[in-house]
Each structure stands twice: as C-alpha cells, then as structure tokens.
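Trainee: I would like to learn to read a structure feature by feature. Can we work through one together?

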Amino acid sequence: MSIRRSVVLLGMVLAGVSGGEAQTRMSAAGVVAVQDLGAACDGVSDDSAAFQKALDAVAGAGGTLAFHGTCVVRRRLELTNRAHALRAFTVDGHGGTILTDGNDLFGFVAQAAQPQAVAITLAAMTLTNRRPGPPSGTAIRFDNSRVSAEVIHAPVIRDLNINNMAMAVGLYDVGDSRSENVVVNEYAKVNTAEAFHVEGTSGSRASANNDFRNVTVVGGTGWHLVGFVQGIGIVSSKVLEGHWGVKTDNPVNGEGVQINQSYFEASQGGIRFDRWSNLQFIGDTFDSSSWEPTAPGWSAISISPGGADDPSDFAGGVTIQGAQMNHVGATSSDLIVAYLSTGDVSHNIIEGIAVRQPHCMRIHAPPSGTPSMVVVHDNSCWVAHGYDFNDTVIAYANWYTGDYRYVTLNATNWTCPARVEGVSGVKTCWNASVRGETDFINSPGLGPGGFSFYGADVHGVYDRASPLLQIGPDGSATVRGDLTAARLVSDPAGKAPPHSDSPCTPGQEAWDALFEYRCVAKDRWQRWARPKASW
C-alpha cells in the first residue's frame with residue numbers, strides 16, 4: 001500500500017471516529033454550548049452566528065442551548081423553516097448576560113404546523129439593550145399567529161432580568177405560559193414600553209391561561225392585554241414608577257383574570273379592563289407614580305363597559321376585595337370605577353387622596369328590570385367624597401370620613417337638600433360616616449319624583465320595595481314607619497357666600513360641592529375645612 005493511500009485511509013478513520021464521538025457526546029448530554037460553536041462571549045465580539053447555529057441544533061433535535069459570560073447578539077435569533085418538526089428545548093444562561101444593540105433578540109415564531117406542540121424554556125440570564133436612548137427591541141417573542149394550530153405551548157421564563165427593551169415578553173396566540181422571578185427595568189420614562197404583551201388574534205386562537213408570579217416591572221406598562229385573551233393570573237408582582245399597571249385593548253369580551261397580592265404604582269392608572277368578566281382582584285395595593293404627573297382620569301381599578309348605557313356590557317362575576325389605595329396624587333376620577341351586573345366589592349381601604357373632588361368608588365349596576373346582583377359593603381374611605389352608587393346596587397356598612405363627608409347617591413348625580421341625623425333602627429343607610437350621621441350635598445333639584453333612599457335595617461334585611469328614607473322634591477324628609485330619627489333637617493342651602501364677610505345672620509348655613517358654610521357671627525362666615533380659614 002502506498003504511503004499516500006495509507007494517510008488518506010487513516011484520515012478517513014480518524015474523521016469517522018471524531019464525528020461519532022462528537023455525535024455521541026451531544027446526544028448523551030443534550031447540551032449545545034455556544035462557545036463550542038465559536039462564540040467569544042467577551043462582551044465585545046459579535047456572537048450572533050454561533051447563537052443561531054446553536055438554536056438551529058436544539059430546535060431540531062431538542063436539548064439545551066447553554067452559554068456563560070457576557071455575549072453580544074446583534075440580530076434576531078429565529079426558528080428557521082425546517083423539514084422536520086420543532087422539538088422542545090431550553091436556553092440556559094447559567095447567570096450570564098446577552099447584550100443587544102437595540103435589536104430584537106429571541107424571535108420564537110412558529111413557521112409551520114406540526115402534530116405535537118412543544119415547550120420552550122428560558123432560564124437564568126440577563127438580557128440588556130445597551131444602545132443609549134429610550135428602550136428598543138423585543139427581548140422574547142413567542143408567536144403562533146402564522147400557523148393554524150398551537151405549535152409553541154406552555155413556554156417558561158424563569159429567573160430573568162430584562163433591561164431597557166421596548167417589550168420584554170410578547171405572547172401571541174400562546175397558552176399556558178409561566179413567567180416567574182422576572183425583573184424588567186425600562187429605565188427611561190417611555191410610555192410605550194411594555195413588560196408583557198399578551199395578544200390573541202381570534203376566538204379559536206386566544207392567548208389563554210398565562211400565569212405571572214413574582215414579577216417586578218420598573219417603568220412603562222406592566223401588562224398589556226390585546227384582543228382575544230382569557231385566563232390571566234398575576235400574583236405577588238409589582239409595577240414601580242410605571243405608566244400603567246395592567247391595561248386592555250380588546251374589541252370583544254375577555255374573561256378570567258386573577259390579580260392577587262400585587263402592587264401597582266403608575267401614572268395613568270392601576271388596572272383597567274373594558275369588556276371583561278370573571279375578574280378577581282384580592283389584596284392589591286395601588287398608588288400614583290412620582291416619575292410622571294398623575295393623569296386627570298387616574299383610577300386604581302376601572303371596569304367600564306364598552307357602552308355604559310348598555311346592560312349587556314356590564315361585567316359579571318367580579319370580586320374586588322382587600323384593596324388599599326394610599327396617598328394618591330391629584331386626580332379628578334373616582335378611585336374604583338366599576339359597571340357590574342354581578343359582583344362583590346368589599347373590605348377595601350382608600351385614604352390620603354390629594355384632591356377631594358372624586359368619590360372613593362363609583363359602582364353602578366344595570367337599571368331595574370335587568371337581572372343583576374351587585375353588593376358593596378364594609379369599605380372604608382378617608383378624606384374623600386364618599387361613594388356613588390345607583391339605585392340597583394345593594395350597599396351597606398360603607399364608611400367614610402375626613403374634611404368632606406358627602407355622598408352622591410345615583411348615576412345622575414342627584415343629591416339631597418336635607419340632613420338626617422341619628423336614624424335609629426337602621427343598620428346602615430347605604431353609607432354612614434364615623435360621626436354617626438349621613439350628610440347630603442345641596443342640589444338645585446331632585447327631579448319630579450324626589451329621591452328614595454334604600455339600605456339594610458338592623459336585622460340585615462334589604463327591602464327594595466320599602467325605602468328607609470324618602471326625600472321629596474321640595475326637600476322634605478321622612479323615614480320608614482318602623483324607624484325613628486333623632487332629627488330631620490329639611491333646610492335647602494342658600495347660595496354659598498363669595499367671601500367670609502358676606503352678609504349673614506348667626507346660625508345661617510349654606511353648602512356647595514366642596515365646603516359647608518356657617519354664619520358664626522353677624523356678617524362673619526366660616527367654612528368646614530381643616531384648618532378653618534378665611535378667603
């Protein structure tokens with residue numbers, strides 16, 4: 001045998017042994033390390049090509065894409081079209097970092113249908129857009145919108161830090177995802193930045209049953225729910241110095257949201273749901289942001305129908321319990337706004353409202369004749385204008401106090417030119433102040449029928465057919481026959497005095513939407529505020 005032929009045969013044998021050993025090692029360990037494919041991961045070199053090769057390998061065969069150190073990826077990593085099916089895989093950063101230059105990073109978009117859905121897991125890494133300026137690029141995108149059936153299913157995002165991205169995680173027609181122990185820092189005050197974007201394109205392709213636990217978002221919007229979405233769980237999570245906590249944009253009804261034990265600090269509002277039902281908010285805390293001015297229409301919780309006059313759009317199956325709102329900035333909106341067909345709103349605490357114009361709550365049910373059951377009870381409101389309920393809401397034991405002790409009773413904002421003090425035999429007259437009396441703001445007119453005031457008696461009985469109190473259109477006030485009142489004052493107020501030295505007779509009273517005025521001496525007025533002041 002010639003020397004040349006011997007060398008060639010030896011080379012073929014060595015090549016065959018080397019390739020077999022490499023294949024065996026990959027199959028046994030199931031790990032593809034980007035450094036083995038040429039990535040430097042030194043924080044300077046472009047490692048995009050090595051990452052894409054590793055992704056192609058694990059997406060086709062399954063296994064784990066692994067990296068260490070600080071890597072640089074300057075283009076989007078994609079699931080490329082392939083003849084064989086996508087397999088489940090994991091991207092494990094082992095505590096490492098990937099830097100981008102404003103580009104998208106993981107673009108996991110399903111390209112073709114396949115018989116079996118697969119899970120993708122991302123764990124233990126930091127993803128940072130290092131380009132100066134506002135957040136840009138999408139860190140992680142799971143997307144089934146191009147295929148007829150769900151290919152990517154139940155993805156997991158665990159132990160991640162995501163920094164300065166315009167969108168941290170996008171879920172499009174994806175269900176049963178889980179995100180836990182994730183921190184998203186938007187850094188800049190950019191209103192369009194979103195931590196989690198969840199979108200469903202149709203009723204049969206809804207993004208459903210996605211769960212978020214122990215998530216912290218700094219800046220931007222925490223969660224944006226778009227289109228056909230149902231089954232969202234947000235537990236033990238926070239939005240700090242944000243734009244929105246949770247907001248929705250959906251042309252059709254969504255359903256099934258649980259937000260529990262979470263904190264929302266945002267300038268535009270806490271959580272807002274339009275055309276949604278089956279909502280559960282328990283033990284959440286809300287505040288405005290110091291990064292941006294508080295929006296004039298800021299509400300902690302807003303559940304508004306697509307059309308407020310259409311009973312079919314009122315939300316059903318709603319629970320709002322144990323919420324706390326502390327020292328909210330200037331806002332002209334009510335703090336909890338909900339149009340409900342069935343629901344329970346209870347044991348919420350609202351205090352420290354900077355501007356005392358709004359009510360603590362505005363809760364409305366559909367008009368009489370429409371099946372509904374909305375109960376509001378055992379709420380506390382400090383320093384605000386009480387509550388706004390329409391006459392189909394069952395409300396009791398709702399307390400309020402502060403400089404202003406007024407309440408608006410129904411949707412048309414009629415208020416009563418009478419004060420009822422010490423009504424006995426009544427458990428609660430819709431709402432009562434801690435001073436043991438219920439005050440009403442003067443109104444120019446009550447309409448032709450006056451106003452009927454319903455509530456629960458001392459036995460807890462609510463009788464829709466028998467009002468506890470009736471205010472006539474002339475301001476006269478009477479209580480139900482089996483009840484007694486210590487004093488009924490039917491004393492429509494005169495025009496509020498323009499100055500503290502306006503002409504008056506001692507004992508004369510007046511009030512408006514903000515102040516109660518009392519003549520304490522001839523031509524000497526004081527108004528109820530703390531401290532009492534001249535003006």
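Trainee: What covers the buried residues of helix 2?

Mentor: Some terms to begin with. Helices (H or I, at least four residues) and strands (E, at least two) are DSSP runs, numbered from the N terminus. Buried means under 20% relative accessible area, exposed over 50%, and partly exposed in between, with a 1.4 Å probe and protein chains only. Contact means heavy atoms within 4.5 Å. Here, the cover of helix 2 includes strand 1 (31-33), strand 2 (63-66), strand 3 (70-72), strand 4 (77-78), strand 5 (89-100) and strand 6 (106-109). The buried residues of helix 2 are Ser48, Ala50, Phe51, Gln52, Ala54, Leu55, Val58, Ala59 and Gly60.

Trainee: On what basis are such values given?

Mentor: This is a predicted model, where local features need pLDDT of at least 70, side-chain atom pairs count only at pLDDT 80 or more, and totals for chains, interfaces and linings use all residues. Residues are numbered from 1 along each chain as its sequence is written, and side-chain values use heavy atoms, with hydrogens and water left out.

Trainee: How many residues has helix 2, and how far does it reach?

Mentor: The expected span of a helix is 1.5 Å times one less than its number of residues. Helix 2 (residues 48-61) has 14 residues and reaches 20 Å from first C-alpha to last, close to the expected 20 Å. Gly62 follows helix 2, with a positive phi near 85°.

Trainee: Which residues have the most contacts inside the largest nonpolar core?

Mentor: Nonpolar side chains tend to be buried together in soluble globular proteins. A nonpolar core is a set of buried Ala, Val, Leu, Ile, Met, Phe, Trp, Tyr and Cys residues joined through side-chain atoms within 4.5 Å. The largest one here has 93 residues, and Phe106, Ile140 and Ile363 have the most contacts inside it. Helix 2 gives the most to this core, with 6 residues. Domain 1 (30-260) and domain 2 (303-412) both contribute residues, so the core lies between them. Those domain bounds come from an automatic or database domain assignment.

Trainee: What is Ile140 in contact with?

Mentor: Leaving aside neighbours within four places in sequence, Ile140 touches Phe106, Leu122, Leu127, Ile157, Leu160, Ile162, Ala168, Val169 and Gly170.

Trainee: Which strands pair with strand 10?

Mentor: Two strands pair if DSSP finds at least two bridges between them. Strand 8 (residues 138-143) runs parallel to strand 10, joined by 5 bridges. Phe142 has Leu171 of strand 10 as its bridge partner. Strand 12 (residues 194-200) also pairs with strand 10 in the parallel sense, over 5 bridges. There, Tyr172 stands opposite Glu199. Strand 10 (residues 167-172) is mostly covered, with 6 of its 6 residues buried.

Trainee: How many disulfides are there?

Mentor: A disulfide is a covalent bond between the sulfur atoms of two cysteines. The rule used is a pair of cysteine sulfur atoms within 2.5 Å. The count comes to 2 disulfides. One joins Cys41 to Cys71, S to S 2.1 Å. The torsion about its S-S bond is about 90°, so this disulfide of Cys41 and Cys71 is right-handed. Cys41 lies in the loop between strand 1 and helix 2 and Cys71 in strand 3, so the pair ties together parts 30 residues apart in sequence.

Trainee: And where does the other pair lie?

Mentor: Cys504 and Cys519 form a disulfide with sulfur atoms 2.0 Å apart. Cys504 is buried, at 7% relative accessible area, and Cys519 is buried at 3%. Cys504 lies in the loop between strand 41 (484-489) and strand 42 (509-511), and Cys519 in strand 43 (residues 516-521).
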